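Look at the sequence and the structure first, then read on.

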Amino acid sequence: MTNAEYKKVLVAEDSSVIQNLLKKILLFENCKITSAKDGQSVLDKFNAEDFDLVIMDINLPVLSGLEATKKIRAGKTKKSKIPIIGISGNAKNLPVDEFFEAGMNEYIQKPLDYDKLIELVKKYTQTN
């Protein structure tokens with residue numbers, strides 16, 4: 001399989017357990033995963049490489065997932081339009097509107113429904 005067939009996904013998640021689960025699941029979908037454990041690392045990696053999709057935890061250290069999403073969306077390039085799927089375990093503390101106002105395309109509550117996640121990954125990474 002060539003690299004061109006892979007979808008590059010940036011996973012922003014501070015839990016190693018969830019990162020590893022996402023890696024295993026997304027490998028089956030021909031995704032190449034780059035991980036970041038805090039919001040600043042997300043921005044650094046996002047600016048250094050091109051990705052097809054970002055999976056963004058809301059509660060990240062250093063810079064929250066919402067702040068990192070806003071910074072990505074503030075960019076003036078085509079890259080700033082990248083699909084972003086937000087994930088969170090304590091979203092009950094935040095109105096869902098805030099995820100979409102920050103610029104996220106979708107939102108999934110933890111514990112993650114992996115079938116739903118795969119469906120969204122396919123939706124946003126399919127090349128027509």
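In this predicted model, V54 has I84 of β4 as its bridge partner. The strands concerned are β3 (residues 53-57) and β4 (residues 84-88), which pair in the parallel sense over four bridges.

This pair belongs to an open sheet of five strands, ordered β2-β1-β3-β4-β5, with parallel pairing. β2 (31-36) and β5 (106-109) are the edge strands; each has a single partner strand, so one side of each is left without a neighbour in the sheet. From one strand to the next, the twist averages 20°.

Helices also lie against the sheet. α2 lies across β1 (7-12), β2 and β3, while α5 (residues 114-125) packs on the sheet and touches β1, β2, β3, β4 and β5. The table lists the angles for these helices.

| Helix | Strand | Angle between directions |
|---|---|---|
| α2 | β2 | about 135° |
| α5 | β5 | about 165° |

α2 has a helix partner too. α2 (residues 39-48) and α3 (residues 65-73) pack with their axes 9 Å apart, at an angle of about 25°. Angles under 35 degrees count as roughly parallel, and therefore α2 is roughly parallel to α3. The crossing of the two helices is right-handed.

Which residues make the contact of α2 and α3? From α2 they are G39, V42, L43 and F46, and from α3 they are A68, K71 and I72. Sorted by class, the contact of α2 with α3 has five nonpolar residues, one polar and one charged.

Key: Residues numbered from 1 in each chain as written. Predicted model: local features only at pLDDT ≥ 70, side-chain atom pairs only at ≥ 80, totals over all residues. Heavy atoms only, no water. Axes fitted to C-alpha atoms, helices over the stretch in contact; angles between N-to-C directions. Parallel < 35°, antiparallel > 145°, perpendicular 65-115°, else oblique. Left-handed = near helix turned anticlockwise from the far one by under 90°. Contact = heavy atoms within 4.5 Å. Nonpolar A, V, L, I, M, F, W, Y, C, P; charged D, E, K, R; others polar. Pairing = 2+ DSSP bridges.
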